[in-house]
Amino acid sequence: FPFPYTPYGIQEQFMEALYGALEAGRVGIFESPTGTGKSLSLICGALSWLRDWEEQQRREEARLLALGAGAQDAPAAELGRPGSAETAGEPDWVTAFVQRKEERDMVDRLKEEQIRRKKREDRLEKIRHNVQLKYTAKRKRAEEDETKRLLQLSREALSQGAGEGVLDQLDHNEEELILAEYESDDEKKVVSGLEEDDDDLEEEHVTKIYYCSRTHSQLSQFVHEVQKSPFGKDTRLVSLGSRQNLCVNEEVRRLGALQLINDRCMEMQKNKHEKKSDEENEGKKRRVSRTVCPFYSYEQMQFLRDEVLVEVKDIEQLVSLGKETKACPYYGSRYAIPAAQLVVLPYQMLLHEPTRNAAGIKLKDQVVIIDEAHNLIDTITCIHSAEVSGSQLCCAHSQLSQYMERYRKRLKAKNLMYIKQILYLLEQFVAMLGGNVNQNPGCQAVSQTGTVLKSINDFLFQSRIDNINLFKVQRYCEKSLISRKLFGFVERYGGPASAVKTNKENQKLAGLQNFLLTLQQGSDKEGDPPVEAENEQLRSASPLMQIEGFLSALTNANQDGRVILNRQGTVGQSSLKFLLLNPAVHFAKVVEECRAVIIAGGTMQPVADFREQLLSCAGVDPARVVEFSCGHVIPPENILPIILCSGPSNQQLEFTYQTRDLPQMMDETGRILCNLCNVILGGVVCFFPSYEYEKQVFAHWEKTGLLSRLAAKKKIFQEPKKANQVEQVLVEYAKCIKRCSQTGGQMTGAVLLSVVGGKMSEGINFSDDLGRCVIMVGMPYPNIKSPELQEKMTWLDKTMPRAAGQAPSRVLIENLCMKAVNQSIGRAIRHQKDFASILLLDHRYARPAIFNKLPQWIRERTQVKPAFGSAFAELRKVRTCILSTP
């Protein structure tokens, strides 16, 4: 395998296993701890396979073309020679003729593909080596802009003094808010939006690798690794992202919310097509001029596509190029997909089928690699779940009623029919929460509070909406852009800040404004966010957009999800939530269509969830699943994992819900921490099961004076609840550790009190002195009283077989706990020369069922210590080794 340096042994094993899985078309679960060069192993292993595969395809193509040429030279008499034997009732010569025709068709197809490929390669080569060509398109675009500007100035000069025309135009601005005629319920083939015909658009999707990760920063990091790899110069890579990340039109970007950006972009494209058809129909009454996006230029986007394919670029470089060339990076990158060899994208885009189809991603016979996949099941569940509050439902109903009243005479019958259906749905949803849409949701008290779970069918019947075709309503919302129109309407007339004019039309709309104001005032009384926050939230996204997501979720199969009615205090605070129980239904298509799927991560243990809940339920043959797990590159002596069963005063460590609140248990935890801080230099990260427990323990230590004893050795930091404060705490924590290591003295570093599943337990690197010891207090089991978790457990027990005598629900609880533990303790070792101690404070970690769910590289080095004395002796040895190291 080509590699930028001599790979570790485990990297070679990883690449060989990956190559084998891709070649055999397997579904692989790959685990490689952080710090072992996983990204580079994925790049070099996968792209080595792709390069060999392309070479193999080229050889096969050449062989078939040679055969085809030979067959065309064969005498025609040979084809027509009758045979004596007959196959399936047909003479030999007929069978031979059909076979020859199929071969000729295939040869013709291969020739066409070859011509297209050659054309693309020549074009990219020309761009690669001809700097002049790179700037031709940019200069042409600048000339066009200047021409448009001069034309606009001419028009303005001509229209000066035509006051009546200006007034007319102001009235017409409102045209944008009116729904266009909705012609059909049937799906219509939408024109792609590219006016010119071009052979390149018909280009076949070459075999490619789709690489997905969670965040844009992780994807950018991966692209930089590709740039540094031996494949960086000759790989056609395209980075995909949402409009929020790729849009370069400032007017659209300012909308902020993703749904608003999407809708505005689609509307501008629609305006472009309407403008074109209006120009074609000259002589008819001119329609109002509508905004079109200046970056949605076919020619410029073609240029951008070629630039993307010539050189590996990350999202930031793509956006800069889009601004420079005045071309849309969002669409330009999509046009590059067919010819790309490596497509890098966030995994929400790949796992959500409508988004996947809209992006033009075709998975048939392609390879998918999902990195950072430890939360894959949760991610699929979240993508396909939806929640709406009572206040959103009431707000949407009020907005839509006002909209319908104002434009009733301008709307076509079909639009009115669908709007009335949506209003009826909203009324019934609020009624299910025990409220009335015509009253302020913040003032309506709910008589029966609590949480109720219903199957989809039961919910539809009980809310009396089973007679409405939700698929049609969903399609109408999508095609008509009603939520975007409604948002524009509310922005114009509903904003509390806008001055209320005294004319009759605006008096009609005063009800909507008053309603929005009472919503905010009502929320203040209930202790919700203040007026400004609520106002900002209303402005950032239309509530109807949220509701569309909920309607879409209700179209899932009855057995795959549940509707949760959460009735709390007032109707405004209550909510309806759709919970997806079976994530496999949305993953099945991915594994069915793809040639191979690789699910990779730094910590994938325990993998039973992936095998049973995801792959088995998606219909994957167990023989197709392959697992690979490698050790760490650090020497065995660089990590000291200890399961501690009792503390310094021989108090058994068992942090169950019943015992963890006992004063003696909190005291014992404090004593352990104090003793450790005496011997461990640098940073100590201590994980608690929840924010509440961490707060409780901290208050107890403060009261008993234990906190001041601890603070004498190490400065104490606490993980903040607010995400925007995390960076500041980490900077202060790192500064303190650095200062202590340089000055010496009594203070030996810092302690960071963190929470499992919080901001510090994923994605933060506590490398080197930042994390010389990681402590896990107790076992972070999820709250089994949660109605959602209980429903999931019931569903698993009904649908899954028992494993090793354990109920599937019990296995789920243990797996959720250990996944969280493994993520947290993996924060400490981040590279080959790093070293750290890991302390698991609870005797239950020693149970075989739990112990075996630790990552292999930690498990094989773990010591179980029944008493604190021997554990402390081991930690002192580590300190001696550190101090004696030159």
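The legends below describe an overall view and several close-up views of a predicted protein model.

In this predicted model, local features require pLDDT of at least 70 and side-chain atom pairs count only at pLDDT 80 or more, whereas totals for chains, interfaces and linings use all residues. Residues are numbered from 1 along each chain as its sequence is written, and side-chain values use heavy atoms, with hydrogens and water left out.

**Figure 1. Overall composition of the predicted protein.** The protein contains 35 helices and 20 strands; these elements are DSSP runs (helices H or I, at least four residues; strands E, at least two), numbered from the N terminus. Of its 886 residues, 50% are buried, where buried means under 20% relative accessible area, exposed over 50% and partly exposed in between (1.4 Å probe, protein chains only). Among contacts with a separation of 6 or more, 81% join residues 24 or more positions apart, a contact being heavy atoms within 4.5 Å.

Figure 2. The expected span of a helix is 1.5 Å times one less than its number of residues. Buried residues of H28 include Tyr 691, Glu 694, Phe 698 and Trp 701. The cover over the buried residues of H28 includes helices H27 (663–679) and H29 (706–713), together with strands E15 (682–688), E16 (714–718), E17 (749–755) and E18 (773–777). Just after H28, Gly 705 adopts a positive phi of about 85 degrees.

Figure 3. Gly 749 is located in strand E17. Its relative accessible area is 0%, so Gly 749 is buried. Leaving aside residues up to four places away in sequence, Gly 749 touches Gly 682, Lys 713, Lys 714, Lys 715, Cys 736, Ile 737 and Cys 740. Gly 749 and Tyr 733 are 16 residues apart in sequence, with a C-alpha to C-alpha distance of 8.7 Å.

Figure 4. A search of the whole structure finds 2 cavities of 30 Å³ or more. On a 1 Å grid over the protein atoms alone, a cavity is a set of points where a 1.4 Å probe fits but cannot get out, and lining residues have an atom within 4 Å of a point. Grid points are joined across faces, edges and corners, and a volume is the space filled by probe spheres set on the points. The largest cavity has a volume of about 150 Å³. Its lining comprises 15 residues, of which Cys 247, Asn 249, Cys 265, Cys 293 and Cys 328 lie nearest the centre. Helices H10 (258–280) and H13 (329–335) each supply at least two lining residues, and H10 provides the largest share, 4 residues. The lining divides into 12 nonpolar, 2 polar and 1 charged residues; Ala, Val, Leu, Ile, Met, Phe, Trp, Tyr, Cys and Pro count as nonpolar, Asp, Glu, Lys and Arg as charged, and the others, Gly among them, as polar.

**Figure 5. The second largest cavity.** The second largest cavity holds about 40 Å³ of space. Residues lining it include Leu 42, Ala 46, Tyr 211, Phe 222 and Ile 369. Helix H2 (38–73) and strand E4 (209–213) each supply at least two residues of this lining, with the largest share, 4 residues, coming from H2. The lining consists of 9 nonpolar residues, with no polar and no charged ones.

Figure 6. Helix H17 (residues 390–407) has 18 residues and reaches 26 Å from its first C-alpha to its last, close to the 26 Å expected at 1.5 Å a residue. Because 15 of its 18 residues are buried, H17 is largely enclosed by the rest of the structure.

Figure 7. Most residues other than glycine have a negative phi, and most peptide bonds are trans. The peptide bond from Gln 605 to Pro 606 is cis, with omega near -10 degrees; Pro 606 is found in the loop between strand E12 (596–601) and helix H26 (608–616). Glu 372 has a positive phi, near 50 degrees, and lies in the loop between strand E7 (367–370) and helix H16 (376–383). Asn 650 has a positive phi of about 60 degrees, and its place is in the loop between strand E14 (639–644) and H27. Glu 372 is partly exposed, at a relative accessible area of 21%, while Asn 650 counts as exposed at 62% relative accessibility.

How values were computed
1 Å grid on protein atoms, 1.4 Å probe; cavity = no way out; pocket = protein on both sides within 12 Å on 5 of 7 lines; lining within 4 Å.
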